[in-house]
Amino acid sequence: MSFFDRLFGKKNSAESAKERLQLVLIHDRTDLTPAELDSLKDDLIATISRHVEIDAQAMQIGVEHDGRSQRLVADIPLKAARRQRARKPIK
Amino acid sequence: MPAQVITITSGKGGVGKTTAVANLAVALASDGAKVVCIDGDIGLRNLDVILGLENRIVYDIVDVIEGRCRLRQAMIRDKKLPELYLIPAAQTRDKNAVSPSDMNRLVKDLRNDFDFVLIDSPAGIERGFKNAIAPADRVIVVTNPEISAVRDADRVIGILEAEEKGPGALIINRLNPALVKNHDMLSADDVLDLLAVELIGIVPEDENVIIGSNRGAPVAFDPKSRAGQAFRNIAKRLRGEKVPFLDLDHTEGLWQRLQRLAGRK
């Protein structure tokens, strides 16, 4: 990496390789493309919304890994829960 | 004690599988082990030239499987190491001439006469690869600290787990310490972080590897070669010894070299 690359804050190439590989390996290992993950997210929103009111805009879904095992992690903020907490503050 | 059967594979081609097999075979046999290596790359054989045994081939693995010769007739003894043998691949056939059960049968006949059976797998994840891993007790995956090699290694490790041949042990080959230091090559830690498997060796990039293959004398014979040392260490680890990983961080710049030559260091 040249001095100028560093001067202009360009990421070093080993770091880009690692980040790109992390993303590629998640998809290789799970057979889940970003498009499929989006459609899974939409299905989850539809299903959960039938039971509780959720904040679909703030919902996060992604794949995390621990060693070689993968985990689908969804963070789904509940709207109703937030209102309840406002009514009954924690002592 | 029956042999340990070890298959060396990689997914991607050109990462140094054949070099690894030749060097591990030389290192193990130099230490007194009885070793036979099998070239599993039918149609594209190369282990014979890397070991410098190409002129001695009469019969090959397909001749054994199809009954044209006895197993012993296809085994070529090394020029320098009397306990090292090669079973060459066929050059004019394709990988479908051999099946995984053929490989199992062949290796079963070798188990009682050797300490190590090393199988050189072809690149890819198809028939030749399946043949090569079928008889393995242990699989070693060779990769380079380079994006496509690491990705392919990950695929292979996944397949090994699915076929219950896993988890596999990793050799990171052709690591360039100066590039790593400059953050322009994935470090061994980066690769391990991504692949999450056991590491069995790190081999530095070393021009002696090319010189050795030009001559048909693997670098494990060369006491001064860094790559040769790394392969000798891996061989020891295969025999169950605990050997620390090489310190690859003392790359010398021009200035340090001049200082050393001037006797100041």
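Chain B of the predicted model contains twelve helices and eight strands, helices (H or I, at least four residues) and strands (E, at least two) being DSSP runs numbered from the N terminus. The radius of gyration of chain B, taken over C-alpha atoms, is 19 Å, close to the 18 Å given for 265 residues by the globule rule, so chain B is as compact as a globular protein of that length; the rule is 2.2 Å times the number of residues to the power 0.38. The C-alpha trace of chain B spans about 65 × 40 × 35 Å along its principal axes. As this is a predicted model, local features need pLDDT of at least 70 and side-chain atom pairs count only at pLDDT 80 or more, whereas totals for chains, interfaces and linings use all residues. Residues are numbered from 1 along each chain as its sequence is written, and chains are lettered from A and ligands numbered from 1 in the order in which they are written.

Within chain B, helix H1 (residues 17-30) packs on helix H11 (residues 226-238) at an angle of about 65°, their axes lying 8 Å apart; axes are lines fitted to C-alpha atoms, for helices over the stretch in contact, and angles run from 0 to 180 degrees between N-to-C directions. H1(B) is therefore roughly perpendicular to H11(B), a class covering 65 to 115 degrees. The crossing of H1(B) with H11(B) is right-handed, that is, the near helix is turned clockwise from the far one by less than a right angle. Asn23(B), Leu24(B), Ala27(B) and Leu28(B) of H1(B) meet Phe231(B), Arg232(B), Ile234(B), Ala235(B) and Leu238(B) of H11(B), contact requiring C-beta atoms, placed from the backbone, within 7 Å. These residues comprise seven nonpolar, one polar and one charged (Ala, Val, Leu, Ile, Met, Phe, Trp, Tyr, Cys and Pro count as nonpolar, Asp, Glu, Lys and Arg as charged, and the others, Gly among them, as polar).

Between the chains, 16 residues of chain A and 15 residues of chain B form the contact. The side of chain A that touches chain B has six nonpolar, four polar and six charged residues. Helix H2 (residues 13-30) of chain A and helix H7 (residues 147-162) of chain B pack at about 30°, with axes 10 Å apart. H2(A) is thus roughly parallel to H7(B), the term applying to angles under 35 degrees. H2(A) also passes H7(B) in a right-handed crossing.

Note on methods
Parallel < 35°, antiparallel > 145°, perpendicular 65-115°, else oblique. Contact = placed C-beta atoms within 7 Å.
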